[in-house]
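User: I am new to this structure and would like to learn how its features are read, one at a time. Could you take me through some of them?

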Amino acid sequence: MEKSDVKIGLEVHVQLTALKTKLFCSCPSDYRGKPPNTHVCPVCLGLPGALPVVNKKAIDYAIMVALALNSKINEKIIFFRKHYFYPDLPKNFQITQYDKAGGAPIALGGFLKINVNGKEKIIRIRRINIEEDPGKLVYPTGSIITSPYTLVDYNRSGIALLEIVTEPDMTSPAEARAFLNKLRSILEHLGVCNCELEGSMRADANISVAGGSRVEIKNIGSPKDVEKALAYEIVRQKQAISKGVTVKSETRHWDDLRKVTVPLRVKEEEQDYRYFPEADIPPIVVTRDYIEKIRKSMPELPDVRAKRFVKEYGLTEYEAQVLVMSKWLADFFEEALKYYSGKPRKLANILINDFLRWIHEKELEPNSIKAKPQHIAELLKLLDEKVISIKILKNILPEIIVQGKSPRKIILERNLVRISDRETIKKIVLEVFMEHKKSVHDALVNEKAVHYLIGQVMRKTKGKADPELTHEIVLEMLEKVRKGELKI
Amino acid sequence: MITEELMDHLAWLARIKLTEDEKREFLRDLNRVLEFFNEIDKVNVEGVEPTTHTALLTNVLRDDVPRKPLPQAEVLYNAPEKENGYFKAPKIL
Amino acid sequence: MSVKAYRLEALEIVRNIKEGNLSITDVIEEFLERIERVEKKINAFITLRSKDELLQEAKIKDRLLKEGKARGLLFGLPIAIKDNISTRNLRTTCGSKILYNYIPPYDATVVKLLKEEGAIILGKTNMDEFAMGSSTETSFFGPTRNPWDLERVPGGSSGGSAAALASGEAPLALGSDTGGSVRAPASFTATVGLKPTYGLVSRYGLIAYANSLEQIGPMGRTVRDVALLLNVISKHDPYDGTSLKVKRPDYLESISKLYNLHRKVKIAVVKEMFEEGVSREVVAIVGSVVNKLVDEGFIVDEISIPIIKYALPTYYIIAMSEASSNLARYDGVRYGFRANVYGDWNEVFSETRGNGFGKEVKRRIIMGTFALSAGYFDQYYLKALKVRTLIIREFKKAFEKYSILISPTMPTPPFKLGEKIADPLAMYMSDIETVTANIVGIPAISIPAGFTKGKLPVGIQLMANYLKEDLLLTMAAFIEELTGLRNLIAEV
């Protein structure tokens with residue numbers, strides 16, 4: 001396989017949504033959907049005289065994430081001010097961290113493993129910072145270009161963010177997407193971020209093609225968009241190169257509406273952020289003991305969980321990885337197992353293939369899935385007991401997912417119980433033989449026609465007939481026809 | 001030496017518009033202040049760590065317990081321009 | 001009472017109110033009368049609460065007193081607050097056009113503490129714009145005049161508070177001290193001003209100029225009044241990340257307790273602080289106080305701390321850098337003045353700040369931006385922080401042998417209005433004695449040392465080690481008794 005000449009690095013901003021308050025003040029952090037400027041205090045509004053005080057839990061969560069990403073945690077956490085003017089920044093500086101002038105990020109180095117098309121790969125982490133989110137700008141006309149003024153809501157100002165920066169180790173948009181999915185899974189398993197929430201995970205991407213200049217792409221709203229934006233950008237850059245045009249180093253903006261990257265209209269002034277230490281926040285000393293305490297209290301990470309699934313439940317590595325990719329799915333699986341004593345692989349199979357596929361097809365959000373683990377367990381039990389066929393199972397699964405009805409209820413309501421009574425099936429087979437006499441004679445010599453007849457029985461019974469039994473009976477009765485015991 | 005170009009750049013970084021008179025006056029004053037700043041050139045600081053905090057505190061942390069925010073009316077009270085609960089800021093582009 | 005309330009010391013007023021000799025309404029009325037007579041000559045206040053409001057509050061407090069419900073160390077006492085300290089629903093301007101109409105929705109912690117102890121806030125006092133100055137001449141609201149000589153400055157940046165005290169408009173006041181702004185006006189007005197140890201008094205609500213250097217400081221006409229005020233405002237504050245958690249002594253009590261231990265105190269005068277730029281008259285007056293101490297049996301040595309020569313540029317580099325950062329927030333979006341121009345945010349921000357800030361503030365922001373900018377950061381800001389470390393080391397050494405360091409507070413007696421304002425450097429030179437205490441973070445106090453032949457006040461400064469306010473106040477009280485210069489009110 002030819003080596004990819006694409007280099008991609010990501011800068012991911014993740015909100016620590018599990019925190020109840022903001023990073024430097026005690027404003028409640030659940031600002032989504034609330035009226036503007038109602039989750040604001042002198043500190044996060046940047047009123048003259050207000051002072052920041054660090055949220056202890058935010059530091060704990062940051063340490064947990066650093067541990068999960070195998071990063072080296074700094075013994076002293078120091079905050080810096082990063083200066084730039086913008087209406088969403090109430091102090092016109094952001095309190096963040098810096099890695100020069102005596103400053104240090106909360107953690108350096110680290111890695112996480114991704115799996116793309118069966119190939120495992122390590123993506124290295126460069127650093128992890130903790131910093132505050134700015135407020136939100138609203139453009140009255142809907143566009144940054146045409147709005148005659150800007151509306152500002154500071155509810156989000158001061159929310160705790162982790163900035164996770166990678167090395168440019170990714171070589172394709174798929175790898176970038178895989179990285180973000182894995183990161184998301186880790187954060188969900190740690191319980192620090194509910195990444196379903198709007199705006200809780202944002203990414204900027206850096207990409208260079210064929211050793212050319214590095215282009216930064218900002219304003220990518222979700223991991224899904226990252227793949228699209230990068231794919232577009234690779235094509236754009238490759239086209240330019242093939243035309244002999246040099247790709248220049250610049251910052252581009254992902255236009256989600258038109259699905260293209262555009263050069264940022266605003267000239268990126270040589271940004272001099274004038275970083276210097278935040279004197280209002282004394283250093284935070286993190287001892288080895290404290291880190292150990294946090295490590296011991298950490299929830300199970302996805303990779304560890306996947307290994308356990310393989311060991312405890314006999315799943316394949318692939319099956320385990322797919323399940324742990326979303327914490328809710330892995331939780332669902334283990335919960336369902338409590339009610340299902342059959343083969344875990346069977347359960348995994350249903351979840352991964354039918355359940356998950358249908359959910360992705362309909363683009364359902366996890367919180368709109370009404371199915372309970374007990375329902376799926378029950379479903380499988382019904383299958384095992386041959387009360388329903390696999391076909392029926394697939395048929396009623398969507399209703400369980402969307403409405404949360406128990407399988408037994410649905411089967412009764414829609415009269416879908418499997419027919420496994422010989423006499424009943426015999427009667428139907430006879431009917432089918434009568435209606436398809438030519439096929440019966442064909443079936444005496446042609447195997448395909450046998451299947452056709454079975455299919456007709458299934459059709460008549462709306463899939464309820466037990467397929468194996470049906471097959472048996474059809475063959476039996478064909479034999480009778482051949483022997484002349486049955487006249488068609 | 002602070003040149004006019006540097007001073008313009010600094011005024012831009014600080015988002016302060018200076019009048020022509022001020023530019024002339026400041027160029028002179030700021031260079032005198034710079035000479036004054038330069039006196040610390042003479043101090044040997046080899047091997048010396050910088051001091052940002054004199055209070056020698058560490059680990060000043062707050063519990064993750066929510067407190068009531070300011071009422072919206074108080075938040076917006078001093079805003080020179082506002083609309084529907086938002087602050088009204090100038091256009092971006 | 002035969003003596004007007006405004007002439008009494010704060011402790012006396014509080015006692016008389018408690019004992020029923022004075023009604024709070026009477027006290028307020030007398031102060032209001034005094035303000036009415038002298039304020040137009042002094043211009044100590046930017047905002048005064050209305051007569052009706054004040055008398056209403058006095059009435060309510062008088063009733064509580066009668067009902068035996070009067071609680072608090074300052075019950076019924078009027079107090080003046082420097083206009084860079086946030087007061088809820090009371091305009092707070094920092095002496096600047098850019099905040100000319102700003103009404104804070106919250107109280108600074110110190111204001112909350114004052115209210116809890118029953119104090120009555122008279123109003124907000126004049127100051128150099130954003131505390132940047134040593135003479136209270138850069139205020140958007142006009143200069144404050146020195147009650148001892150109306151042609152002269154009262155010192156700065158807490159000039160309004162000091163002038164209010166010296167003219168009898170208020171018995172107690174709060175100021176802030178970044179490089180000497182509480183001590184300088186105390187020296188120029190024959191009053192007492194203390195800069196506490198960094199972190200002793202909460203800065204929550206103090207509108208920042210240079211946040212690693214500044215503290216809110218108590219001001220009064222006697223040392224004991226200042227100790228009383230320090231007792232109220234020096235509590236630990238969880239809203240301020242730099243607030244010390246240590247247990248504070250009762251500063252008033254400690255003056256009486258330590259009084260007999262004073263002879264064990266070793267004193268030093270710092271040679272460099274009596275040399276370059278210090279007027280001979282000042283040296284003589286401060287020197288005579290030192291001699292009195294020697295006569296009382298104190299050991300007074302002369303020491304040399306050469307690095308002090310670099311204290312002034314070090315201070316200004318750090319202060320201006322921090323100022324450029326702390327004042328970035330003033331852009332006219334959320335509060336304050338906004339330029340009436342149409343344009344994009346860069347244009348509106350630049351016009352607002354160019355128009356809303358005064359010259360000295362703009363100069364300092366630009367120089368601060370310079371010191372922090374790429375290419376100059378290491379040579380200026382970072383280096384200044386290292387020189388700071390060296391200065392701290394030297395003071396640590398000095399305090400191993402001595403408990404009190406003495407110097408003049410200001411290098412000159414009060415100068416005339418307009419005399420130094422045209423030359424920024426000349427103005428910066430006024431701070432040579434005071435900036436070191438801010439750089440190091442140690443407490444320092446200024447008390448009256450004497451008057452010049454021209455009847456102008458000259459102050460003497462005492463410095464002590466971290467958290468030694470009790471020793472500082474005791475020493476100051478001792479000197480106050482020696483000189484007899486206490487509770488001085490100028491005949492305006």
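User: Which residues does K359(C) touch, leaving aside those up to four places away in sequence?

Analyst: Bear in mind that this is a predicted model. Within it, K359(C) touches E22(B), E25(B) and F26(B), once residues up to four places away in sequence are set aside. K359(C) itself lies in helix α12 of chain C, which covers residues 359-372.

User: Is K359(C) buried, partly exposed or exposed?

Analyst: Burial is judged from relative accessibility, where under 20% is buried and over 50% is exposed. K359(C) counts as partly exposed because its relative accessibility is 38%. As for its place in the fold, the C-alpha atom of K359(C) is separated by 8.4 Å from that of T138(C), although the two residues are 221 apart along the chain.

User: How should I read the overall form of chain C, and what does its radius of gyration agree with?

Analyst: The radius of gyration is compared with that of a compact globule: for 492 residues such a globule would have a value near 23 Å, and chain C has 21 Å, which agrees. The C-alpha trace of chain C spans about 65 × 60 × 45 Å along its principal axes, and the chain holds 16 helices and 11 strands. Buried residues make up 69% of its 492 residues, and of the contacts with a separation of 6 or more, 76% are between residues 24 or more positions apart.

User: What can be said about the surface and the charges of chain C?

Analyst: Chain C exposes about 15,500 Å², of which carbon and sulfur atoms supply 51%. Its side chains include 63 positive and 57 negative ones, and the centres of these two sets lie 2 Å apart.

User: How do I read the two faces of a strand, and which residues of β6(A) lie on each side?

Analyst: In a regular strand the side chains alternate between the two faces of the sheet. In strand β6 of chain A, residues 93-96, F93(A) and I95(A) are on one side and Q94(A) and T96(A) on the other, and all four are buried, so that both faces are covered. Strand β5 of chain A, residues 80-83, runs antiparallel to β6(A) and is joined to it by four bridges; Q94(A) is the bridge partner of K82(A).

User: And for a helix, which residues of α7(A) are buried, and what do they pack against?

Analyst: An α-helix has 3.6 residues a turn, so residues three or four places apart point the same way. In helix α7 of chain A, residues 317-325, the buried residues are E319(A), A320(A), V322(A), L323(A) and V324(A). These buried residues pack against four helices of chain A, namely α3 (173-190), α6 (302-313), α8 (327-339) and α9 (344-361).

Methods:
Residues are numbered from 1 along each chain as its sequence is written. Chains are lettered from A and ligands numbered from 1 in the order in which they are written. This is a predicted model: local features need pLDDT of at least 70, side-chain atom pairs count only at pLDDT 80 or more; totals for chains, interfaces and linings use all residues. Side-chain values use heavy atoms; hydrogens and water are left out. The radius of gyration is taken over C-alpha atoms; the globule rule is 2.2 Å times the number of residues to the power 0.38. Buried means under 20% relative accessible area, exposed over 50%, partly exposed in between (1.4 Å probe, protein chains only). Contact means heavy atoms within 4.5 Å. Accessible areas come from the Shrake-Rupley method with a 1.4 Å probe; for residues, only the protein chains shown count as cover. Lys and Arg count as positive and Asp and Glu as negative; His and the chain ends are not counted. The place of a charge is taken as NZ of Lys, CZ of Arg, CG of Asp or CD of Glu. Two strands pair if DSSP finds at least two bridges between them.
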